[in-house]
Amino acid sequence: MSGLPEGWIVKMSQSHGKEYYYNTTTQESQWERPGCAAPPDTVRASHLLVKHKDSRRPSSWREERITRSKEEALEILNGYLSQIKSGTPFADLASQFSDCSSAKQWYQRRVRDPSRMRPLLFLSTR
């Protein structure tokens with residue numbers, strides 16, 4: 001028995017050389033063991049990146065060649081901001097629409113004093 005919730009299996013990441021968890025039902029993957037909370041000295045975060053043609057690398061997992069202007073990228077981000085203000089979860093938008101290759105993953109970072117952390121909305125057109 002693996003001790004994992006139903007539908008979850010352990011897989012090996014070829015690019016990172018470490019284990020990750022995969023849900024065969026939802027096709028979700030994550031680094032953290034399912035059903036386990038993050039340690040108390042860590043925070044989880046995601047980000048929403050919209051690239052433009054002048055980005056350092058104007059391509060993404062979503063588009064091979066990005067041709068939008070920076071102004072168009074800002075318009076897209078403002079649309080996402082409106083959706084967030086209307087109640088759409090930020091993490092849902094980030095995992096679906098971020099141009100970052102890590103869009104479907106959460107970041108976990110250690111912090112000195114988690115009680116001092118405040119929510120931060122960070123939208124980027126890098």
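Start your tour by selecting glutamine 27: with 59% relative accessibility, glutamine 27 counts as exposed. (Exposed means over 50% relative accessible area, buried means under 20%, and partly exposed is in between, using a 1.4 Å probe and protein chains only.) You're looking at a predicted model, where local features need pLDDT of at least 70, side-chain atom pairs count only at pLDDT 80 or more, and totals for chains, interfaces and linings use all residues. Residues are numbered from 1 along each chain as its sequence is written, and side-chain values use heavy atoms, with hydrogens and water left out.

**Stay at glutamine 27**

Glutamine 27 sits in the loop between E2 and E3. (Those labels come from DSSP runs numbered from the N terminus: helices are H or I with at least four residues, strands are E with at least two.) Check its backbone: glutamine 27 has a positive phi of about 65°, although it is not a glycine. E2 and E3 form a hairpin with five residues between them, and glutamine 27 is in that turn.

**Zoom out to the whole chain**

Now colour by secondary structure. The protein chain has two helices and seven strands. Going along the sequence, you'll pass them as β-β-β-β-β-α-α-β-β. Of the 126 residues in the chain, 29% are buried.

**Select the sheet**

Pick E1, E2 and E3: these three strands form an open sheet in the order E1-E2-E3, with antiparallel pairing. Which strands stand at the edges? E1 and E3 (29-30) do; each has a single partner strand, so one side of each is left without a neighbour in the sheet. A bit of background: strands of a sheet pair through backbone hydrogen bonds, either parallel or antiparallel.

Next, select residues 8-12 and 19-23. These are E1 and E2, antiparallel strands joined by five bridges. (Two strands count as paired if DSSP finds at least two bridges between them.) Click through the facing residues:

- Tryptophan 8 is opposite asparagine 23 in E2.
- Isoleucine 9 is across from tyrosine 22 in E2.
- Methionine 12 faces glutamate 19 in E2.

The hairpin of E1 and E2 has six residues between the strands, and glycine 17 there takes a positive phi near 65°.

Now hop over to E3. E2 and E3 pair in the antiparallel sense over two bridges. Select tyrosine 21, and you'll find its bridge partner in E3 is glutamine 30.

**On to serine 101**

Serine 101 lies in the loop between helix H2 (90-97) and strand E6 (107-110). Is serine 101 buried or exposed? Serine 101 counts as exposed, at 71% relative accessibility.

**Last stop: glutamate 75**

Select glutamate 75 in helix H1 (residues 70-85). Glutamate 75 is exposed, with a relative accessible area of 58%.
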